[in-house]
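Q: I'm new to this structure and would like to go through it slowly. Could you take me through some helices and a few single residues?

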Amino acid sequence: MKILVATEKPFAKAAVEGIRRIVESANGELILLEKYTDVSQLYAAVEHVDALIVRSDKVTREVIAHAKNLKIVVRAGAGFDNLDLNACTERGIVAMNTPGQNSNAVAELAIGMMVFMARNSFQSGTGTELKGKTLGIHAYGHVGSLVGKLAKAFGMEVLAFDPFVPEEKMHADGILSVKSAAELYNRSNYVSLHIPATEQTKKSINYDLLNTMPIGACLVNTARKEVIDEEGLKRLLADRPDFKYITDIAPDSPEDFKVFGTRFFATPKKMGAETAEANINAGLAAAVQSVEFLTQGIDRFRVN
Ligand code: 3PG
């Protein structure tokens, strides 16, 4: 049983050690490909393995074609938009994610980003507080619900929109559920994005939706850049000198955003799940899921 961990952005050392322990105690062999710089290295490494564990690394049809023995791909993380699910399914390869394992790290970053923007990007000048402001959570999954909990501790009023989550769940958490994205944006000083990038959501966060937000509003993106209509966002930032955008995923044309000064901030490299704890939780879960599937056929968390 050969298990490849291929991470262009490596896991913390403790996570790799934990993965190794799990694989070797099941009599498997761990193969590590970290910080690779060319996809040809991934093509070569994947050739003879039974399982592939990745982070945001793209598992394309070409990668799958090079993987002669592959039976399972696990995305150590939540979003699996980096996996070509059709290519996996056509080859009978199981694809999984590790839902919830890195959520706390992302939720903490979302709150930190709000504080950063409320305090003028830590530049001089009088800032504002989160207390008393309204936060709209767009998609109430693992990350969204943790952001809600933290925001309530800050004294924020929290609304959420998620057509896939029963409103009873939100109400039980003390969150007000709203009926549409339009209502969420219209009522929120901050909106925190937690939607996946799918055919339905790509470019769905557009000028018209954002323009309904109140004066001084701030959009926080720890989800995916693909859900943003970048041209519309740029136009909005130009038309509305009060509007702010902070993101953990740099836009396609970050240089175009420089004119907006401290109303725009992008982390230099995606860091939402970049904590030792999140690496350990997601990495170890991916290793356990790979081993359990290969040895016992357990396919909980399968996404294809
Ligand atoms: C996720 O979908 O889990 C996050 O975007 C984390 O991505 P990363 O593993 O590349 O940091």
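A: A term is needed to begin with: axes are lines fitted to C-alpha atoms, for helices over the stretch in contact, and angles run from 0 to 180 degrees between N-to-C directions. Helices (H or I, at least four residues) and strands (E, at least two) are DSSP runs, numbered from the N terminus. Please keep in mind that this is a predicted model, in which local features need pLDDT of at least 70 and side-chain atom pairs count only at pLDDT 80 or more, while totals for chains, interfaces and linings use all residues. Residues are numbered from 1 along each chain as its sequence is written, and side-chain values use heavy atoms, with hydrogens and water left out.

Q: OK, at what angle do the axes of H1 and H11 cross?
A: The axes of helix H1 (residues 13-25) and helix H11 (residues 276-296) cross at roughly 15 degrees and come within 8 Å. H1 is therefore roughly parallel to H11, given that angles under 35 degrees count as roughly parallel, over 145 as roughly antiparallel, 65 to 115 as roughly perpendicular and the rest as oblique. Their crossing is right-handed; a crossing has that name if the near helix is turned clockwise from the far one by less than a right angle, and is left-handed if anticlockwise.

Q: And which residues make that contact?
A: On the H1 side they are Ala14, Ala15, Gly18, Ile19, Ile22 and Val23, and on the H11 side Asn279, Ile280, Gly283, Leu284, Ala287, Val288 and Val291, where contact means heavy atoms within 4.5 Å. Sorted by class, the contact of H1 with H11 has 10 nonpolar, three polar and no charged residues. In this sorting Ala, Val, Leu, Ile, Met, Phe, Trp, Tyr, Cys and Pro count as nonpolar, Asp, Glu, Lys and Arg as charged, and the others, Gly among them, as polar.

Q: While we're on H11, is Ala286 buried or exposed?
A: Ala286, which lies in helix H11, is buried, with a relative accessible area of 0%. Buried means under 20% relative accessible area, exposed over 50%, and partly exposed in between (1.4 Å probe, protein chains only). Not counting residues up to four places away in sequence, Ala286 touches Ile53, Val74, Ala76 and Thr98. With Thr98, the separation is 188 residues in sequence but 6.4 Å in space, C-alpha to C-alpha.

Q: Let's switch to H6. Why does its end-to-end distance agree with its number of residues?
A: Helix H6 (residues 142-153) has 12 residues, and at 1.5 Å a residue these should span 16 Å, which agrees with the 17 Å between its end C-alpha atoms; the expected span is 1.5 Å times one less than the number of residues. Just after H6, Gly155 takes a positive phi of about 85 degrees.

Q: Which residues of H6 are buried, and what covers them?
A: The buried ones are Val143, Gly144, Ser145, Val147, Gly148 and Ala151. Their cover includes helix H5 (103-118), together with strands S6 (134-138), S7 (157-161) and S9 (190-193).

Q: How do H5 and H6 cross, then?
A: Their axes come within 8 Å and cross at roughly 50 degrees, so H5 and H6 are oblique to each other. The crossing of H5 and H6 is right-handed. Residues in the contact include Val106, Ala107 and Met114 of H5 and Leu146, Val147 and Leu150 of H6. By class, the contact of H5 with H6 divides into 10 nonpolar, three polar and one charged.

Q: Changing topic to loops: where is Val178?
A: Val178 is in the loop between strand S8 (176-177) and helix H8 (181-187), and at 6% relative accessibility Val178 counts as buried. Leaving aside neighbours within four places in sequence, Val178 is in contact with Leu159, Ala160, Phe161, Glu183, Leu184 and Arg187.

Q: Last one: what is phi for Lys203 and for Phe301?
A: Phi of Lys203 is near 60 degrees, a positive value in a residue other than glycine, and Lys203 sits in the loop between S9 and helix H9 (207-210), where at 55% relative accessibility Lys203 counts as exposed. Phe301, in the segment after H11, has a positive phi of about 75 degrees although it is not a glycine, and at 30% relative accessibility Phe301 counts as partly exposed.
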